[in-house]
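Take a look at the structure below. This report covers a helix crossing and a pair of aromatic rings.

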Amino acid sequence: MSWRWVSVLLALSVLLNAFFVAGFVFRGWIAPLPFEERRPPPPPGPRPSPLDMLAKEVDLDAGQRDALRAVFDHYTVSRRERLREIQKVREEIVAEHRKVPLDPVRIDPLIDRLSQLRADQQKDTLQALAQVEARLRPDQAARLHDVLADRLSGPPWRGPARPGRPPPRPPE
């Protein structure tokens, strides 16, 4: 083989590798896919409850926070206890899944219990929100309903519209 053919093949190889590397650079740094978008890690410490997040979004003043402190504290305690129960049931389900053969007779009641605990958690959240709503000004109550509607209108991974991203699709 002559040196010309070797140099042409080498040039083509370099060109192909350059396009290959450029593709990774483009996708990783310039235009990552939406589901690969990296978000900053959550702040250290305990995560705020849904009730705390909603209270922050409706801008409760100090008097409203003091008046609702008992509601928030009761909700936090009951939520923590229920999450412990949910974790215990999940561990029991995992233990049953490890057994050979699978026994639906033993797993079905555990799944029903897990579903009931999650439903109870949603009901408690709704009751606490009703108590919070009773203390809100009309503009805060309207904001609360807007936030709830936005959160329940789509999948949990679709957040609010941000600059550079199209807004979420309305429900059909």
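## Handedness of a crossing

A crossing counts as right-handed if the near helix is turned clockwise from the far one by less than a right angle, and as left-handed if it is turned anticlockwise. Keep in mind that this is a predicted model.

## Helix 2 and helix 5

Two packed helices are described by the angle between their axes and the distance between the axes. Here, helix 2 spans residues 50-57 and helix 5 spans residues 138-152. Their axes come within 9 Å and cross at roughly 130 degrees. Helix 2 and helix 5 are therefore oblique to each other. The crossing of helix 2 past helix 5 is right-handed.

Which residues make the contact? Helix 2 supplies Met53, Leu54 and Glu57. Helix 5 supplies Arg143, Leu144, Val147, Leu148 and Arg151. Of these contact residues, 5 are nonpolar and 3 are charged, with no polar ones.

## The aromatic pair

A pair of aromatic rings is described by the distance of the centres and the angle of the planes. The count for this model is 1 aromatic pair. Phe20 and Phe24 form it, edge-to-face. The ring centres are 5.0 Å apart, with 80 degrees between the planes. Planes over 60 degrees apart count as edge-to-face.

Is Phe20 buried or exposed? Exposed means over 50% relative accessible area. Phe20 has 55% relative accessibility, so Phe20 counts as exposed. Phe24 has 54%, so Phe24 counts as exposed too.

Definitions and conventions. Residues numbered from 1 in each chain as written. Predicted model: local features only at pLDDT ≥ 70, side-chain atom pairs only at ≥ 80, totals over all residues. Heavy atoms only, no water. Axes fitted to C-alpha atoms, helices over the stretch in contact; angles between N-to-C directions. Helix = DSSP H or I, 4+ residues; strand = E, 2+ residues; numbered from the N terminus. Parallel < 35°, antiparallel > 145°, perpendicular 65-115°, else oblique. Contact = heavy atoms within 4.5 Å. Nonpolar A, V, L, I, M, F, W, Y, C, P; charged D, E, K, R; others polar. Phe/Tyr/Trp six-rings, centres within 6.5 Å; stacked < 30°, edge-to-face > 60°. Buried < 20%, exposed > 50% of the residue type's maximum accessible area, 1.4 Å probe, protein only.
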